[in-house]
Amino acid sequence: MTITADAGTTTLDLGPARALTCRECGNQIPLAPEFACSECFGPLEVSYEFGDVTRAEIEAGPRSIWRYRGLLPVPSDVDRHPNTEPGLTRLVKADRLGAALGMKSLWVKDDTGNPTHSFKDRVVGVALAAARQLGFRVLACPSTGNLANAVAAAAARAGWESVVLIPSSLERAKILTTAVYDGALIAVDGNYDDVNRLATELAAEHEDWAFVNVNVRPYYAEGSKTLGYEVAEQLGWRLPDQVVVPIASGSQLTKVDKGFRELIDLGLVDGRPYRVFGAQATGCSPVAAAYKAGHDVVTPVKPDTIARSLAIGAPADGPYVLDVVRRTGGAVENVSDDEVVAGIRLLARTEGIFAETAGGVTVATAKKLIETGQLDPEAETVLLITGDGLKTLDAVQDKVGPRATVPPSAAAVREALAD
Ligand SMILES: *Cc1c(COP(=O)(O)O)cnc(C)c1O
Ligand SMILES: [Zn+2]
């Protein structure tokens, strides 16, 4: 499928990005709204010619992902166009969680602090900036929820129209927190994989719609690199020994690795080994299953888990996740829905961070990786907490609540606390 953008090549400014390269056969094409290789149908990825990027320049930049604009497929004046300015979320030294897990040096990257409270603001921010250069004026997506929030909000801020497709079974909070931005929100009777197929069909019909994770996916995916950049910068320009990343399509995990490798190549951090671990919920764990079976291909599954933001049964980046994890000496592990809820509560209780189910997956997986001897408890480790618990209240609503309901008397409170 070829999509023609109205932007001519003379006005196309995507910063250091130079071409789209096929991840399978290496075929290169000029920058365009394309996502599949014309030779082999493999996925396309942005390749770059980086200029001189220094730590000082980055540190002096905007307090958002745009401080890394010299490493992203966006124009150098990207921060002058309305966008959601995601990123530079806190990196929290998680000593109490570390103690609970038996880990010596643990950090939590708290991406609940983004504009629409998930890491998806990073990828959508980059997709919007690139789509603007590519001549689009409508932002669209199929979504498991967080992407819907991020696309609807970014389009609202930019004054663009948005078309957001979601499975009708989505958490109520994620529906409301998308609908409030007043774009076109369509609930589809089907699961995410059905919605995704529908989006691919619609993308072919509507050449002027930028489906962030379909026809502009190569640009969108680059936004996840900023998680890797920030972790390194916030550690004082150093890579962690181990990082645990939740997997939906698997894109984030592969791009955190890409970000780390770029920092090493550019001399912005010392090159040293790091291990990348993937986290899935057992009810949707095709990548963990392939990893454990020693397979290179990922067999699709029908998702059934409370971790709906990660419920992609046919993960596009699955095989690339396996490459990264095996190359770096990591692993992919999976945890039950009960463990997910326990993970949410453990993080909340120890660090005061209320994560959504995806965060519960990451924490619970880290616990299991420690217990099974796969994560090194002595090594410096970063957990990526990618979304906010306020969006998945259903996961904990029957598990937590007031300790007692009492009449308004001090004696009654004393009695309740004594129990
Ligand atoms: C989308 C999402 C991810 C992972 O996304 P990938 O498709 O693997 O890049 C992780 N956490 C949350 C909360 C998400 O919404
Ligand atoms: Zn190819």
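Me: How much space lies in the largest cavity?

Reply: Rolling a probe the size of a water molecule over the atoms shows where empty space is left. In this predicted model, the largest cavity holds about 30 Å³ of space. A search of the whole structure for cavities of 30 Å³ or more finds one.

Me: Which residues line the largest cavity, and which elements each supply at least two residues of the lining?

Reply: The lining consists of Ala152, Ser162, Val164, Thr178, Ala179, Asp182, Gly183, Ala184 and Leu185. At least two lining residues come from each of strand S7 (161–167), helix H5 (172–179) and strand S8 (184–188). By residue class, the lining divides into five nonpolar, three polar and one charged.

Me: Where do N or O atoms of Asn146, Gly250 and Thr386 lie relative to ligand 1?

Reply: A polar contact is a pair of N or O atoms within 3.5 Å. The side chain of Asn146 has an N or O atom 2.9 Å from an oxygen atom of ligand 1. For Gly250, a backbone N or O atom is 2.8 Å from an oxygen atom of the ligand. In the side chain of Thr386, an N or O atom lies 2.6 Å from a nitrogen atom of ligand 1. On its own, ligand 1 has 380 Å² of accessible area, of which the protein covers 97%.

Me: What does UniProt list for residues 87–387?

Reply: An unreviewed UniProt entry lists these residues as "domain: Tryptophan synthase beta chain-like PALP". Over residues 87–387, the chain is 45% helix and 16% strand, with the end C-alpha atoms 13 Å apart.

Me: How many residues apart in sequence are Glu378 and Lys104, and how far apart are they in space?

Reply: Glu378 is located in the loop between helix H13 (357–371) and strand S13 (381–385). Glu378 and Lys104 are separated by 274 residues in sequence, yet by 5.2 Å in space, C-alpha to C-alpha. Their side chains are joined by a polar contact of 3.4 Å.

Terms used:
Residues are numbered from 1 along each chain as its sequence is written. Chains are lettered from A and ligands numbered from 1 in the order in which they are written. This is a predicted model: local features need pLDDT of at least 70, side-chain atom pairs count only at pLDDT 80 or more; totals for chains, interfaces and linings use all residues. Side-chain values use heavy atoms; hydrogens and water are left out. On a 1 Å grid over the protein atoms alone, a cavity is a set of points where a 1.4 Å probe fits but cannot get out, and a pocket is an open set with protein on both sides within 12 Å along at least five of seven lines; lining residues have an atom within 4 Å of a point. Grid points are joined across faces, edges and corners, and a volume is the space filled by probe spheres set on the points. Helices (H or I, at least four residues) and strands (E, at least two) are DSSP runs, numbered from the N terminus. Ala, Val, Leu, Ile, Met, Phe, Trp, Tyr, Cys and Pro count as nonpolar, Asp, Glu, Lys and Arg as charged, and the others, Gly among them, as polar. UniProt positions are given in the numbering used here, feature names are shortened, and annotations may be inferred rather than shown by experiment. A polar contact is a pair of N or O atoms within 3.5 Å; within protein, one must be able to donate a hydrogen and the other to accept it, and residues adjacent in sequence count only if both atoms are side-chain atoms. Accessible areas come from the Shrake-Rupley method with a 1.4 Å probe; for residues, only the protein chains shown count as cover.
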